[in-house]
Amino acid sequence: MTDQLLFLLRLGLLAIVYLTFFRVLRAVWVELRTENRAAVPVPVPAAMPATNGASSHAGAPPPAAPVDDSDAGSRLVVLTPPAVAGQVFELQAETTIGRASDCAVVIDDARVSKVHARIFERDDRWVVEDLGSTNGTLVNDHVLDHPESVGPGDRIQVGEHVLELA
Amino acid sequence: MTATESPPTHPVSPLLALKPRRVETGLLVMVGAAVAVAYALASFGTTEAIPANLGPFLLWMFGLGAVAHLANRHFASGADPVFLPISLLLNGLGYVVITRLDGSLAALQSTWTAIGIGGYVATLLFVPRVRIIEQYRYLLGIGGLLLLMIPLVPGLGTEINGARIWASVGPINFQPGEFAKLTLAAFFAGYLVDSRELLRSRLELRDLAPIGVAWAGSLGVMVFQRDLGSSLLFFTLFVVVLWVASERWVVLAVGAVLFFGGAFAAWTMFDHVQKRVDIWLDPFADPKGDGFQIVEGSFALADGGLTGTGLGQGEPGRIPFAETDFIFAAIGEELGLAGSSAVLMAFLLLIGSGLRVSLRADRVFEKLFALGLTTLLAVQTFVIVGGVLRVVPLTGITLPFVSYGGSSLVANYVLLALLVRMSHEQRVLIRPAKGTA
């Protein structure tokens with residue numbers, strides 16, 4: 001009797017363990033699926049900055065984020081220093097800012113790290129992240145210690161250069 | 001950015017930041033139930049009584065799990081929920097089997113588990129961003145080499161069971177090599193970030209010099225410490241990370257040639273290597289002597305059958321070093337194929353999660369570091385389980401989280417915390433910039 005009980009308990013133990021694995025796999029599956037769904041609308045506004053986005057967002061919730069309104073807020077305009085002021089960069093799905101020549105926005109300034117910061121799109125918003133730069137990144141005059149979302153009018157400063165999202 | 005925004009426009013925080021921890025809570029409850037049942041079963045199997053200390057044991061176990069879980073909620077709220085529960089499951093199952101094999105180890109192993117969880121929480125606390133580790137890559141590399149050499153220092157190092165991998169400070173014995181694994185993984189990743197562009201653009205003979213150095217170093221570990229397992233582990237770690245960093249297959253080919261060359265040289269030069277290979281090829285040549293451990297391990301696995309003899313009802317105590325090197329055979333005997341496969345699956349899930357962290361990383365250092373840490377777990381599991389199952393010659397090394405052993409447990413919890421930290425960092429927690437709202 002006890003032997004049979006122990007056997008059943010042992011099967012129960014194995015069942016719990018395998019059930020745990022099943023839940024783990026399900027969690028991973030759900031996560032990957034959500035990620036893929038979230039990833040679908042991302043490239044659309046970045047790839048086609050000129051369209052109004054309405055047609056390409058058939059199934060998505062009504063766009064409220066600044067990126068989708070029009071092409072407003074999808075450009076970086078250099079404000080200072082005067083030598084390069086007025087230069088405009090179109091934002092890509094990911095725009096890197098830094099001193100290195102393969103950055104999307106190359107800034108010739110000794111206080112700017114090789115790959116200093118990046119602006120990328122996440123859930124219909126632009127997000128600025130400092131990439132571990134030596135001298136830091138300022139957003140609207142406060143130090144960026146954490147990726148932050150930005151919209152039109154926000155100012156990003158790296159070294160002596162101030163870029164405005166327009 | 002007005003107050004009227006509906007949830008879909010701000011989907012990140014509830015979905016990605018909170019849900020992983022809720023999933024983790026659910027998984028932890030299941031793992032807790034499994035370990036509690038296993039503990040009760042093991043005790044009932046040996047003494048035919050419900051264990052008297054079941055209450056304190058459960059309290060201790062759930063307490064440690066809760067501490068780690070709360071640390072995740074606080075310091076790594078976005079991390080993958082798979083890491084902690086699976087590791088605790090392996091740790092818990094290992095603990096049950098260890099105490100069942102040798103009751104005197106119970107207190108020690110539970111203390112080490114507590115220290116391990118402490119190390120886990122401390123790592124999450126003191127490493128807010130893994131990229132800060134990159135700055136100390138050379139320091140960590142030198143530190144790793146020094147750690148490896150500690151056991152060779154007369155007076156500090158101790159030789160136990162033929163391997164000189166122990167250091168003794170007062171009453172405490174530990175294996176510095178377990179921590180050297182971690183610092184060397186950080187060093188390899190950091191070093192290869194620096195030289196990656198060069199390696200990718202062209203590959204000349206002298207660019208392969210670092211593999212040569214790693215190879216010589218591994219051979220050194222093997223010759224001076226007589227520790228085949230670690231030697232294999234370090235070499236594989238370096239070749240895999242270098243392969244991914246350079247994106248060149250030739251690295252794997254050169255690595256394989258060097259490995260087999262080194263293995264052959266070691267085989268011709270060292271008696272103890274020759275003996276290992278002979279035992280591997282034919283353990284039944286001397287079943288009561290040299291082959292005893294492997295033979296008993298095979299018998300144990302065979303005895304286990306599909307669902308095992310039952311916890312506490314087998315005789316895994318016959319196998320020498322059943323609580324460290326041969327714990328996989330002990331689990332196979334008492335929980336059968338189903339139980340030992342579960343252990344392998346747990347490692348598979350853990351390694352899969354680790355590789356996902358590496359795949360998702362958008363900075364090279366994190367990518368290579370996560371890969372290195374995962375490789376350590378994977379190779380270590382393969383080497384010891386393969387040794388027990390006679391897939392490869394046996395080299396004494398611990399089964400991560402499962403085997404008895406303090407250094408290994410603590411080092412693996414630190415390793416886990418680093419993966420959890422990187423996993424958390426990959427979730428961008430978006431908050432509106434000040435001044436725009």
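A salt bridge here is a side-chain nitrogen of Lys or Arg within 4 Å of a carboxyl oxygen of Asp or Glu. This is a predicted model, in which local features need pLDDT of at least 70 and side-chain atom pairs count only at pLDDT 80 or more, while totals for chains, interfaces and linings use all residues. Residues are numbered from 1 along each chain as its sequence is written, chains are lettered from A and ligands numbered from 1 in the order in which they are written, and side-chain values use heavy atoms, with hydrogens and water left out.

**View 1. Where chain B meets chain A.** By count, there is one salt bridge between chain B and chain A. Its partners are Glu129(A) and Arg131(B), with the closest N and O atoms 4.0 Å apart. The contact (heavy atoms within 4.5 Å) draws 53 residues from chain B and 48 residues from chain A. The size of an interface is often given as the accessible area lost when the parts come together. For this pair of chains, the buried area (the accessible area, with a 1.4 Å probe, that two parts lose on being put together, summed over both) is about 4300 Å², and carbon and sulfur atoms give 67% of that.

**View 2. Salt bridges within the chains.** Side chains of opposite charge can pair when their charged atoms come close. Searching the whole structure turns up 16 salt bridges over all chains. In chain A, Asp109(A) pairs with Arg111(A), with 3.8 Å between the closest N and O atoms. Buried means under 20% relative accessible area, exposed over 50%, and partly exposed in between (1.4 Å probe, protein chains only). On that scale Asp109(A) is buried at 7%, whereas Arg111(A) is partly exposed at 45%.

Over in chain B, Glu178(B) and Lys181(B) form a salt bridge with their closest N and O atoms 3.0 Å apart. Both sit in helix α7 (residues 176–201) of chain B, and because they are three residues apart, about one helical turn separates them. Helices (H or I, at least four residues) and strands (E, at least two) are DSSP runs, numbered from the N terminus. Glu178(B) is buried, with 6% relative accessibility, and Lys181(B) is buried too, with 3%. Also look for Arg318(B) and Glu315(B), whose side chains meet in a salt bridge at 3.9 Å, N to O. Arg318(B) is partly exposed, at 28% relative accessibility. Then there's a network: salt bridges that share partners link Glu94(A), Arg118(A), Glu129(A) and Arg131(B).

**View 3. Two helices crossing in chain B.** Helix α10 (residues 249–269) and helix α11 (residues 271–281) of chain B have axes that come within 5 Å and cross at roughly 105°. So α10(B) is roughly perpendicular to α11(B), a label for angles of 65 to 115 degrees, with under 35 roughly parallel, over 145 roughly antiparallel and the rest oblique. The axes are lines fitted to C-alpha atoms, for helices over the stretch in contact, and the angles run from 0 to 180 degrees between N-to-C directions. On the α10(B) side the contact uses Ala266(B), Trp267(B), Thr268(B) and Met269(B), and these meet Asp271(B), Val273(B), Gln274(B) and Val277(B) in α11(B).

View 4. The peptide bond from Thr80(A) to Pro81(A) is cis, with omega near -5°. Pro81(A) belongs to the loop between β1 (75–80) and β2 (88–90) of chain A. In chain B, Phe321(B) is not a glycine, yet has a positive phi of about 60°. You'll find Phe321(B) in the loop between α12 (292–304) and α13 (327–360), partly exposed at 38% relative accessible area. Phe401(B), not a glycine either, has a positive phi of about 70°. Phe401(B) lies in the loop between α14 (364–388) and α15 (406–425) of chain B and is buried, at 1%.

**View 5. Around Leu311(B).** Leu311(B) is in the loop between α12 and α13 of chain B and is buried, with a relative accessible area of 4%. Leu311(B) and Ala42(B) are 269 residues apart along the chain, but their C-alpha atoms are separated by 4.5 Å. Leaving out residues up to four places away in sequence, Leu311(B) touches residues of both chains, including Arg10(A), Leu13(A), Leu41(B), Val96(B) and Leu335(B).
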